[in-house]
Amino acid sequence: FLHLLAPYTPLMTGNRSYSGRKRMCMVFCVLTAMSYALINVPILPILFLGRFLGGSSSAIQSTAFESWLVSSAFTLDLSSKDLSNILGRAMFVNSLAATTAGVASDKLVEWRSTFTAPFLAGGVLLLLALVLLGTTWSENYGSRESSTDGVLNLRRIREAWVLVRSG
């Protein structure tokens, strides 16, 4: 039944232009760390809250980081070829990081004898990322023309709802 929350996604992703992309990336770190921490609470409503926070952070992750990078690249007058190279390298590094995280997670589960250990470690790494984002990234915002309906973009919410209902 949590798929009914899909129309909430445009609120999270549309908000990044007004709140700032750096800030939304930092919100991603906090929401995901909270989601990971709530995995340790064996109370069903709390677990649902954790999943809701995880879904919200996934909506941010799928848009805000690349939006920040593209906007910063244009601000720095990087060529599209340079931006393409950066994104290609990022994809490669992301693949290596995912593989390494999988192996490390397996070792953490083996060492701590609990399946929640990787999530706790991930939460710690997300808090470290939060500090690094806050201290090393510059803020950038989207243009007002690209988001004419504001934070509550009703047209996008209707479109998302139609997609959810269609199956």
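**Exercise 1.** State how many aromatic pairs the count gives in this predicted model, and classify the pair of Tyr 36 and Phe 119.

*Solution.* The count comes to four aromatic pairs. For Tyr 36 and Phe 119, the ring centres are 5.3 Å apart. The planes stand at 70 degrees. Since an angle over 60 degrees counts as edge-to-face, this pair is edge-to-face.

Tyr 36 belongs to helix 3 (residues 21-38) and Phe 119 to helix 7 (residues 117-136).

**Exercise 2.** Assign Tyr 36 and Phe 119 to an accessibility class.

*Solution.* Tyr 36 has a relative accessible area of 24%, so Tyr 36 is partly exposed. Phe 119, at 32%, is partly exposed too.

**Exercise 3.** Describe the pair of Phe 65 and Trp 137 and the cluster that contains them.

*Solution.* The centres of the two rings are 6.0 Å apart and the planes make 85 degrees, an edge-to-face pair. Phe 65 is in helix 5 (residues 64-75), while Trp 137 is in the loop between helix 7 and helix 8 (154-166). They are 72 residues apart, and their pairing links distant parts of the chain. Phe 65 is partly exposed at 23% relative accessibility, and Trp 137 is partly exposed at 21%. Together with Phe 28 and Trp 68, these residues form one aromatic cluster.

**Exercise 4.** Locate the charged end of Arg 112 relative to Trp 111.

*Solution.* The charged end of Arg 112 sits over the ring of Trp 111, at 5.2 Å from the ring centre.

Notes: Residues are numbered from 1 along each chain as its sequence is written. This is a predicted model: local features need pLDDT of at least 70, side-chain atom pairs count only at pLDDT 80 or more; totals for chains, interfaces and linings use all residues. Side-chain values use heavy atoms; hydrogens and water are left out. Rings of Phe, Tyr and Trp (its six-membered ring) pair if their centres lie within 6.5 Å; planes under 30 degrees apart count as stacked, over 60 as edge-to-face and the rest as tilted. Helices (H or I, at least four residues) and strands (E, at least two) are DSSP runs, numbered from the N terminus. Buried means under 20% relative accessible area, exposed over 50%, partly exposed in between (1.4 Å probe, protein chains only). A charge sits over a ring if NZ of Lys or CZ of Arg is within 6 Å of the ring centre and within 35 degrees of the ring normal.
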